[in-house]
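Trainee: Please take a close look at one part of this model. I would like the salt bridges.

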Amino acid sequence: MIESYRPSLEEIEGKVPWSAAEERLLEACGTGEFAWFGNERPTEGRDENTIRAGLIRHILLGGCDKVQVHAKGVQIQGGWVTDVLDLQACESSLDLFLKDCHICERPNLRDARLGSVTLPGSEVPGLDAHRLKVTRDVLLSAKFKSKGTVNLISAEIGGALSCSDGTFDGAGGEALNCDAMTVGADVFLRGGFTATGQVDLTGASIKGQLDCSNGSFDAEEYIALNCDAMVVGADVFLSDGFTAAGQVNLAGHVSRGSLIVVMASLIDRTISRWHVMR
């Protein structure tokens with residue numbers, strides 16, 4: 001295996017001294033503590049909350065002699081993350097946990113191998129996680145917000161994918177693309193989940209359930225929820241306030257579950273064929 005290049009701390013710092021937030025992160029990463037900068041997602045960057053993405057990458061890849069990293073990985077709350085978090089083709093067993101953070105540039109997680117990706121309440125201008133592999137969960141939930149496509153094409157997720165109470169705006173493109181994704185547990189697009197633009201689960205393999213209860217899917221005249229050739233190991237829930245503006249394509253298979261549509265609003269009244277395997 002070719003080891004990913006890691007700039008030194010001196011290279012990352014450059015001519016701009018560490019911010020107060022970065023100093024705090026460097027202290028916290030060795031003890032397993034949260035680097036906490038506030039309980040709400042920030043609206044502007046200040047010395048007290050600004051962190052360069054390069055420093056997060058450095059820590060996630062194991063740090064160096066000067067930066068000892070705890071097994072809990074990167075844990076930040078309320079940060080303002082600048083530059084591109086570029087983890088393309090990087091490998092780490094650690095977890096990336098960014099809660100209530102504003103991430104200025106679209107993260108690049110293409111072909112990365114990580115422990116987990118947890119971004120509850122954070123805001124991103126889209127996310128490129130094509131062929132991402134995680135051992136545990138991917139959580140884009142709890143007021144997570146994306147203005148731009150979230151790409152999980154061919155991602156391999158060992159645990160669950162939760163987008164519950166997240167807002168996904170494709171900004172004219174797809175909101176969430178999970179084409180050929182594999183998930184070892186459940187997929188949650190529920191509890192206030194909102195998508196503007198197509199949600200594509202074409203060819204996805206989900207070992208647990210697909211729960212879209214109280215989710216809102218809006219793709220106007222296009223396919224709002226595309227599950228063509230999807231395989232699900234348990235039940236599929238389109239219920240309890242599920243809303244779709246656009247076609248719902250469920251030309252897929254459930255191996256051991258049922259399709260549950262109760263108290264749902266289907267604006268174009270179209271659900272394509274559904275096959276249940278017993």
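Predicted model: local features only at pLDDT ≥ 70, side-chain atom pairs only at ≥ 80, totals over all residues.

Mentor: Here is a walk through the salt bridges, pair by pair. Residues are numbered from 1 along each chain as its sequence is written, and side-chain values use heavy atoms, with hydrogens and water left out.

The mean pLDDT of the protein is 90. A search of the whole structure gives 14 salt bridges. A salt bridge here is a side-chain nitrogen of Lys or Arg within 4 Å of a carboxyl oxygen of Asp or Glu.

Take lysine 99 and aspartate 100. Their closest N and O atoms are 3.7 Å apart. Aspartate 100 is buried at 11% relative accessibility. Buried means under 20% relative accessible area, exposed over 50%, partly exposed in between (1.4 Å probe, protein chains only). Lysine 99 is partly exposed, at 25%.

Next, glutamate 156 meets lysine 133 at 4.0 Å, N to O. This pair links distant parts of the chain, strand β15 (residues 156-157) and strand β11 (residues 133-134), with the two residues 23 apart. Strands (E, at least two residues) are DSSP runs, numbered from the N terminus. Glutamate 156 is partly exposed at 38%. Lysine 133 is partly exposed at 29%.

Lysine 143 pairs with aspartate 165 at 3.6 Å between the closest N and O atoms. Both sit in loops, so the pair ties together parts 22 residues apart in sequence. Lysine 143 is exposed at 56%. Aspartate 165 is partly exposed at 25%.

Finally, a network of salt bridges links Arg24, Glu27 and Glu33.

Key
pLDDT = per-residue confidence, 0-100. Helix = DSSP H or I, 4+ residues; strand = E, 2+ residues; numbered from the N terminus.
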